Amino acid sequence: MEGKGVEKGARNRRGFQTTVVREFEPDDKADVQRIFTEGLMEMVPDTAFRGLRHHPESILLYAAITFLCYVITMCWWVIGLLPAVFLSGRYFFSRRVIHGYLEHAMDTDMGDIEGFYMKPSDSCLWVAVLEGKVVGVVAAVCLEKSGGAVELKRMSVDRRLRRCGIGVALGRKVLEFAVSHRCSTVVLGTTAYTHAAHQLYKRLGFRCVGITNGYVTPGARWSLLERLFYRVRHHHYSINVLGRPF
């Protein structure tokens, strides 16, 4: 098999064998779900802590609550305790919302990968294989028929093997899929705050076309406390693939 020959032979600059991107097979399901779950749960501290500096409105709200507590209690130890309370609240509700999103995904497409992605002709899910192990995943769904858009979904790479070009290889597979289906555009959305994630999309040629503040994450209960402690930005990326070689 040609793919196996590449996998056994060529090695990249970091000493790993060349990554092979192929279509999902039933035996991959456990690895795909594990990589997707681990990648998603990494977003808990990313959202709770790193995301805070991107939301000045939340910082102002916490400062106002702190000032109000000081006026009411005139107690310095209460004021000193509030930052820890706010951070703990952000972590707790970020974890709850993201875990709810994970359950939502497992109840829909990620729980029935074959039925959702592999059987329809206008969607697909691929895995990246490195040295015989599944190390990454990405999916594509045609939002419209020929000439429309393809959505890049569920991209995740094993955290131990990032910065090895796996994400780029997966992203290019989706771009190739769009071209083969005669679609003009590939779109994606992300709530990640990590610089590396956005750099990956830009490296693939995507550009940010919009940002939604206060994005309602699927699986969120959107209670008053969640509104207080959980707030994310949803970045919208797009690329026109017409006339581009992949």
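1. **Ser156.** Ser156 sits in strand S4, residues 149-157. Strands here are DSSP runs of E with at least two residues, helices are runs of H or I with at least four, and both are numbered from the N terminus. Ser156 is buried, at a relative accessible area of 7%. Buried means under 20% relative accessible area, exposed means over 50%, and partly exposed lies in between (1.4 Å probe, protein chains only). Neighbours within four places in sequence aside, Ser156 contacts Ile35, Phe36, Gly39, Val135, Gly136, Val137 and Leu170. Contact means heavy atoms within 4.5 Å.

2. **Basis of the model.** This is a predicted model, with local features needing pLDDT of at least 70, side-chain atom pairs counted only at pLDDT 80 or more, and totals for chains, interfaces and linings using all residues. Residues are numbered from 1 along each chain as its sequence is written, and side-chain values use heavy atoms, with hydrogens and water left out.

3. **Overall picture.** The protein chain holds 9 helices and 7 strands. Its C-alpha trace spans about 75 × 40 × 35 Å along the principal axes. Of the 246 residues in the protein chain, 43% are buried. Take the contacts in the protein chain with a separation of 6 or more: 69% of them join residues 24 or more positions apart. The accessible surface of the protein chain is about 13,600 Å², and carbon and sulfur atoms hold 56% of it. Accessible areas come from the Shrake-Rupley method with a 1.4 Å probe; for residues, only the protein chains shown count as cover.

4. **H2 against H5.** Helix H2 (residues 29-41) packs on helix H5 (residues 76-107) at about 155°, with the axes 10 Å apart. That angle makes H2 roughly antiparallel to H5. The cut-offs are under 35 degrees for roughly parallel, over 145 for roughly antiparallel, 65 to 115 for roughly perpendicular, and oblique for the rest. Axes are lines fitted to C-alpha atoms, for helices over the stretch in contact, and angles run from 0 to 180 degrees between N-to-C directions. The crossing of H2 and H5 is right-handed.

5. **Residues between H2 and H5.** H2 contributes Gln33, Phe36, Thr37, Leu40 and Met41. They meet Arg95, Ile98, Tyr101, Leu102, Ala105 and Met106 in H5. The residues of this contact divide into 8 nonpolar, 2 polar and 1 charged. Ala, Val, Leu, Ile, Met, Phe, Trp, Tyr, Cys and Pro count as nonpolar, Asp, Glu, Lys and Arg as charged, and the others, Gly among them, as polar.

6. **H4 against H5.** Helix H4 (residues 56-73) packs on H5 at about 150°, with axes 10 Å apart. H4 also passes H5 in a right-handed crossing. On the H4 side are Ser58, Tyr62, Ile65, Thr66, Cys69, Tyr70 and Thr73. On the H5 side they meet Trp76, Val78, Ile79, Leu82, Phe86 and Arg90. The contact of H4 with H5 divides into 9 nonpolar, 3 polar and 1 charged residues.

7. **Positive phi.** Please check two backbone spots. Glu131 has phi near 50°, a positive value in a residue other than glycine. Glu131 is in the loop between strand S2 (123-130) and strand S3 (133-142), and is partly exposed at 39% relative accessibility. Arg154 is not a glycine either, yet has a positive phi of about 60°. Arg154 lies in strand S4 and is buried at 13% relative accessibility.

8. **Cys183.** Cys183 lies in the loop between helix H7 (166-180) and strand S5 (185-190). Cys183 is buried, with a relative accessible area of 1%. Ala149 is 34 residues away in sequence, but 5.5 Å away in space, C-alpha to C-alpha.

9. **Ser238.** Ser238 belongs to strand S7, residues 233-240. At 15% relative accessibility, Ser238 is buried. Beyond its neighbours within four places in sequence, Ser238 contacts Thr185, Val186, Val187, Gly205, Phe206, Arg207 and Val209.

10. **His104.** His104 is in helix H5. His104 is partly exposed, with a relative accessible area of 38%. Gly51 is 53 residues from His104 along the chain, and their C-alpha atoms are separated by 23 Å.

Terms used:
Left-handed = near helix turned anticlockwise from the far one by under 90°.
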